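This report is for a reader new to the structure. It takes up a helix, then ring pairs, then a few side-chain contacts.

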Amino acid sequence: MLLVGNGRVITRDEALPYVEDGAVLIEGDRIVELGEGAELKAAHPEAEFVDARGGVIMPGLINCHTHIYSGLARGLAIKGCNPTNFLENLEQQWWNIDRHLTLGGTRASAYVTVLESIKNGVTTIFDHHASFREIPGSLFAIKDVCQELGIRACLCYEVSDRDGRQKRDEAIRENGEFARWVASQDSDMIAAMFGGHALFTLSDETLDKMVEENDGLTGFHVHVCEGLDDVWDSARNHGCTSVHRLLDHGLLGEDTMLGHCIHVTPADMDILAATRTNVVNNPASNMNNAVGCAPVLEFFKRGITVALGTDAYTHDMIESLKSFLPIQRHNSGLPNVGWAQAMTMLFKNNRAMAERYFSAKPAGKPLGVLAPGAAADIAIFDYKTFTPFSDENVDGHILFGFEGRGCRTTIVNGKVLYKDRAFVDADEDAICAWSMGEAKKLWGELNGRQY
């Protein structure tokens with residue numbers, strides 16, 4: 001039994017939203033009680049105490065879109081890489097990296113991504129993987145790392161026609177085999193979606209093969225209209241929009257999540273709303289890639305569920321939250337919009353997406369909330385405030401005061417993974433040293449020299 005206390009508790013539960021000096025009692029993988037810290041400590045003297053040291057105790061954060069395969073790219077400069085548009089960025093950098101990524105490189109990328117996520121208070125990730133050099137077994141390799149380090153993860157592989165039929169078919173099989181493996185497990189820690197790159201690299205034949213292989217097992221996780229190439233390809237070669245192609249081939253629905261959706265039409269939005277298809281926004285990545293601002297405010301008006309991700313631009317969900325508000329206000333020319341949508345995305349819609357994929361399991365439990373019976377996924381943030389702090393303004397403090405690196409302790413499924421800024425069971429130094437070797441191999445192949 002664990003007792004997490006000596007801090008302000010933000011629950012995201014309407015029944016008890018905030019406790020000034022509170023505590024959370026954990027038994028096994030679930031929260032069993034919340035309340036005043038002194039009272040719970042007196043009632044459960046046998047519980048192991050996890051000291052928040054006056055910080056903020058809150059639900060672990062959920063990242064609804066990231067890319068583990070970019071994990072070894074930090075600091076990398078590829079010779080000759082000087083993109084002037086989004087497609088060139090894909091061709092010169094990201095597709096170049098994934099074409100050189102071995103299973104060893106995939107494992108290293110998974111290790112460093114998961115460690116960074118946990119350090120930033122992220123307890124659940126939705127990953128969209130690509131490693132076209134070695135596809136078979138790649139999702140299982142990532143799964144092994146996630147299980148070893150203890151994070152909750154929903155995985156898929158990025159199907160694409162860009163490297164030919166053999167690679168496409170391997171990617172389709174990898175998704176199918178992994179989804180069937182997940183379906184055979186009684187687990188609420190590892191889930192599967194069926195991944196696809198973007199419509200401009202997916203033929204009609206490939207979309208049909210994806211649906212056939214999936215056979216209703218899970219939802220799809222696809223990039224849609226992130227760049228204009230997606231728009232032009234569907235219009236020129238298929239006579240419709242990318243969203244309409246997905247509708248025609250049966251990939252939309254309440255279990256599907258579409259990344260980005262920047263350049264979609266009002267008719268596309270109607271389709272997404274009618275099919276209850278989810279969208280995931282990645283604001284910092286979109287700005288970095290100069291692809292535009294997604295019409296998230298309009299999505300909300302039309303009742304489309306929009307989640308929040310990072311696209312691996314960062315592993316800090318607070319940073320992604322901070323990026324969302326200014327780009328939406330800048331794009332709309334209004335300084336008073338986006339606040340409610342930002343908080344709804346991170347703390348309500350991400351939770352709903354995670355519960356769709358994890359809480360439906362036989363052993364499933366509510367996620368993204370601190371309440372009796374919920375999963376014991378907790379992040380503790382150091383935060384010394386110099387202005388009033390209460391349940392009335394916690395969102396303002398999170399948006400303008402918090403940083404992911406302020407995370408002191410991370411607990412996933414009742415297990416303390418990261419305590420007082422140190423990993424409990426994982427040897428971070430050893431992992432980084434091994435990953436450095438894999439990174440040097442990858443960088444050497446990309447640039448034709450030793451590192």
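## Helix 14 and its surroundings

Which strands and helices do the buried residues of helix 14 pack against? They pack against strand 1 (2–10), strand 2 (18–27), strand 5 (56–59), helix 12 (317–332) and helix 13 (339–358), where contact means heavy atoms within 4.5 Å. Helix 14 covers residues 394–401, and its buried residues are Val394, Asp395, His397, Ile398 and Leu399. Buried means under 20% relative accessible area, exposed over 50%, and partly exposed in between (1.4 Å probe, protein chains only). Helices (H or I, at least four residues) and strands (E, at least two) are DSSP runs numbered from the N terminus.

## Basis of the model

This is a predicted model, in which local features need pLDDT of at least 70 and side-chain atom pairs count only at pLDDT 80 or more, while totals for chains, interfaces and linings use all residues. Residues are numbered from 1 along each chain as its sequence is written, and side-chain values use heavy atoms, with hydrogens and water left out.

## Aromatic pairs

The whole structure holds 17 aromatic pairs. Rings of Phe, Tyr and Trp (its six-membered ring) pair if their centres lie within 6.5 Å; planes under 30 degrees apart count as stacked, over 60 as edge-to-face and the rest as tilted. One of the pairs is Tyr69 with Trp94, edge-to-face at 6.2 Å centre to centre and 90° between the planes. This pair links distant parts of the chain, 25 residues apart: Tyr69 lies in the loop between strand 6 (61–66) and helix 2 (86–98), and Trp94 in helix 2. Tyr69 is buried, at 8% relative accessible area, whereas Trp94 is partly exposed, at 21%.

Phe126 and Phe358 also form an edge-to-face pair, with 6.2 Å between centres and 75° between planes. Phe126 is in strand 7 (residues 122–129) and Phe358 in helix 13, 232 residues apart. Phe126 is buried at 0% relative accessible area, and Phe358 is buried at 1%. Elsewhere, ring pairs join Tyr18, Phe381, Tyr383, Phe389 and Phe402 in a cluster.

The charged end of Lys41 sits over the ring of Phe49, 3.9 Å from its centre. Likewise, the charged end of Arg449 sits over the ring of Tyr451, at 4.1 Å from the centre. The criterion is NZ of Lys or CZ of Arg within 6 Å of the ring centre and within 35 degrees of the ring normal.

Thr314 is found in the loop between strand 14 (306–308) and helix 12. Thr314 is buried, with a relative accessible area of 11%.
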